[in-house]
Amino acid sequence: MTKATPIDAADRPRRRDAAATRAAILASARRAFAEAGYDGAGVREIAAGAGVTAMLVNRYFGSKEKLFAEVIAATMAAPTILTPQNLASPRLGETIARTLVEITRTGDTPLEGFLIMLHSASSKRAAEIGREQIEHGHQKTMASALRGALAPERAALILSMVAGIQVMRQMMGLPALAKAEPEALVKLLAPLFQQLIDGDTEASGR
């Protein structure tokens, strides 16, 4: 077993502290952006939530804009619907529908990443960052699971349907969706998703 040098031993706690500080700032930023959106969340508020100074936040992330981009990237890296297991399902349309219905149950807290995007949409720069992250994150992931023409467009439509259900069923509580039997919603949504997943099979076969 290699014995740590004095430099290694002294440096290791600092590295651990730096990683913990960075994680604390990201966690605080996620909460702040989810509650108040990009424009409503201030660097001082984020710093206070992490137990650090605003100067330290800027030292670690450079700017609020870069911090927001990292927060969005982190939420994209931990998908709830577009998991590898779900995307490998032979009945992908039904799998997406069932997962979506489960995560939008009345009374459940909306997904943090969804709240961040929803509350930040009015900010032009935040919308640009979110759009880039979605295009290169969830949309690309979904499109890679599709075959045939117009895969990016079909993937974007699937994501739009998911977001629409999240807003109307969970955020607004539209009775026809919020009070519906879960299995009934799955049966209605599954073929809609599957049609986009399959694409134009006749055109792709020519």
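Here are some friendly questions and answers about this predicted model.

Me: How many helices and how many strands does the chain have?
Reply: Happy to start there. Running from the N terminus, the elements read α-α-α-α-α-α-α-α-α-α-α-α-α. The secondary structure therefore comes to zero strands, with helix runs of at least four residues counted, and the helices number 13.

Me: What share of the residues in the chain is buried?
Reply: Good one to check. A residue counts as buried when its relative accessible area is under 20%. Across the 206 residues of the chain, the buried share is 36%.

Me: Among contacts between residues at least 6 apart in sequence, what share joins residues at least 24 apart?
Reply: Contact here means heavy atoms within 4.5 Å. Of the contacts in the chain that link residues at least 6 apart in sequence, those joining residues at least 24 apart make up 69%.

Me: Which element gives the most residues to the lining of the largest pocket?
Reply: Let's begin with the pocket itself, which holds about 780 Å³ of space. Its lining has 28 residues, and the closest to the centre are Gly113, Phe114, Met117, His138 and Gln166. Elements giving two or more residues are helices H4 (64–76), H6 (92–103), H7 (112–120), H8 (124–136) and H10 (151–171). With seven residues, the top contributor is H10.

Me: How many residues in the lining of the largest pocket are nonpolar?
Reply: Three of its residues are charged and six are polar. Gly counts among the polar ones in this sorting. The nonpolar residues of the lining number 19.

Terms used. Residues numbered from 1 in each chain as written. Predicted model: local features only at pLDDT ≥ 70, side-chain atom pairs only at ≥ 80, totals over all residues. Heavy atoms only, no water. Buried < 20%, exposed > 50% of the residue type's maximum accessible area, 1.4 Å probe, protein only. 1 Å grid on protein atoms, 1.4 Å probe; cavity = no way out; pocket = protein on both sides within 12 Å on 5 of 7 lines; lining within 4 Å. Points joined across faces, edges and corners; volume = space filled by probe spheres on them.
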